[in-house]
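Here is a quick walk through one protein model, strand by strand and charge by charge. Have a look at the fold before reading on.

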Amino acid sequence: MPRAPCDHGGMSLEECPFCRRAATWREDERLLHAAARCECGAVGVWFGIPADADEGAVDLLAALGLEGAALPEPQPVGTSGMLTALYIDPDRLTGRLESHLHALGYRLALARGQNESRSGESWAYWALTGGGALIETPRLVLRELDEGDAPAVHAWESDPEVMRYQSLDVATLDDTLAYIWRVRLDAAQRPRMIHVLGAVRRDDGLLIGRVGLRVSRPEHREGELWFAFRRDVWGQGYGPEAAGAILDLAFGSLGLHRVHGDCDPRNARSARLMEKLGMQREAHLRESWWLKGEWCDSWIYAVLDREWSSRSRRSRERQSR
Ligand SMILES: CC(C)(COP(=O)(O)OP(=O)(O)OC[C@H]1O[C@@H](n2cnc3c(N)ncnc32)[C@H](O)[C@@H]1OP(=O)(O)O)[C@@H](O)C(=O)NCCC(=O)NCCS
């Protein structure tokens, strides 16, 4: 994965070009680039692109999953959607890169950012990134992950208890960053086959876990579900709440017929989560995974679209009583 040189030297942006409020800027040397967040949901990403790196910049966009992504026109997004900004020094904006950015749907939005290290003006390009999924549940918002989330994601990816029964190993921070990049690349694929969303607690804005859905056999309209949450929130029903929203997505706009998930029979919380969602245990596979130095059994759970819709209908009826 190409890494962008971080040559921003103290950029400041007075206001978000979308909601016109002050954007909060955060920088982290460990991250690929600086990230800016605004209360309206806008996410700004700032890259330093060397003057002689035209090809590299194009590769960088491809690595970001922006190349070829179906990008709508830039527009204000309120609370739904995710924005990406590219800040580029005017003298680094070669004709080829500019036409590439335009082809991707980026439009020059403002030229107000100051690049102090160069005592010059930077230009900002803003656009919606592909996807921008945002799902709201009573206590959570499910949204796309970005590199600014790395420290929060790392809180659970590095916890041996959380990773105990997962196919991924306990992560280093670099592993977590690489994971987020993979997730972003998957999100930009068209058609999108893998949906990994971060679960943000609405109360305090803390990113507490992730849920994933992969369209595993499109020709049979089948998907696979997975989930992981930080340990200090276990047992409060966040897992089933987020996974239920992913099943709504699977059987709603994605039109799937069947969704399955699997877990180690020793992972009682995971099994219980799937049972609470009405998934049925269909199989016990013996020693089907070699994980963390041992053969592990696997329970397969699944739910069908008609089962999910009658369950959703029943729950709506209960609520209206
Ligand atoms: C699996 C996971 C997402 C569950 O999320 P959660 O938000 O804690 O889910 P819940 O709040 O519904 O709690 C889990 C349920 O398991 C039950 N449970 C089963 N065995 C349990 C045990 N040994 N200890 C405590 N609770 C247990 C709880 O009682 C609860 O059910 P209940 O509401 O009927 O009482 C979470 O535990 C997790 O992130 N685990 C690590 C990652 C993982 O293993 N992912 C799955 C890979 S297959």
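Let's start with a pairing: Ile135 has Leu142 of strand 10 as its bridge partner. Strand 9 (residues 134-136) and strand 10 run antiparallel and are joined by three bridges; strands count as paired if DSSP finds at least two bridges between them. Strand 9 and strand 10 make a hairpin, with three residues between them. As for naming, helices (H or I, at least four residues) and strands (E, at least two) are DSSP runs numbered from the N terminus.

On to the next neighbour: strand 10 is joined to strand 11 (residues 194-201) by four bridges, again in an antiparallel arrangement. Here Val141 sits opposite Val200 of strand 11. Strand 10 (residues 140-143) is covered on both faces, with Leu140 and Leu142 buried on one side and Val141 and Arg143 buried on the other. Buried means under 20% relative accessible area, exposed means over 50%, and partly exposed is in between (1.4 Å probe, protein chains only).

## About the model

This is a predicted model, so to speak of local features takes a pLDDT of at least 70, side-chain atom pairs count only at pLDDT 80 or more, and totals for chains, interfaces and linings use all residues. Residues are numbered from 1 along each chain as its sequence is written, and side-chain values use heavy atoms, with hydrogens and water left out.

## Strand 13 and its partners

Strand 13 (residues 222-229) is mostly covered, with seven of its eight residues buried. On one side, eight bridges tie strand 13 to strand 12 (residues 207-217), and the two run antiparallel. Gly209 pairs with Phe229 of strand 13. The hairpin of strand 12 and strand 13 has four residues between the strands, and Arg221 there takes a positive phi near 50°.

Strand 13 also pairs with strand 14 (residues 258-263), this time parallel and through three bridges. Glu222 has Arg258 in strand 14 as its bridge partner.

## Salt bridges

The whole structure holds 17 salt bridges, each being a side-chain nitrogen of Lys or Arg within 4 Å of a carboxyl oxygen of Asp or Glu. Take Arg231 and Asp159, whose closest N and O atoms are 2.9 Å apart. Arg231 is in the loop between strand 13 and helix 6 (238-251) and Asp159 in the loop between helix 3 (150-157) and helix 4 (160-163), so the pair ties together parts 72 residues apart in sequence. Arg231 is partly exposed at 42% relative accessibility, while Asp159 is buried at 10%.

Another pair is Glu294 with Arg266, at 3.2 Å from N to O. This one links distant parts of the chain, 28 residues apart: Glu294 belongs to strand 16 (residues 294-304) and Arg266 to the loop between strand 14 and helix 7. Glu294 is partly exposed at 25%, and so is Arg266 at 41%. Both belong to a salt-bridge network together with Arg164 and Asp264. Then there's Asp204 with Arg201, 2.7 Å from N to O; Asp204 is partly exposed at 46%, whereas Arg201 is buried at 15%.

## Helix 7

Which helix holds Ser270? That's helix 7 (residues 268-276). Ser270 is buried, with a relative accessible area of 8%. Ser270 and Pro240 are 30 residues apart in sequence, with their C-alpha atoms 9.4 Å apart in space.
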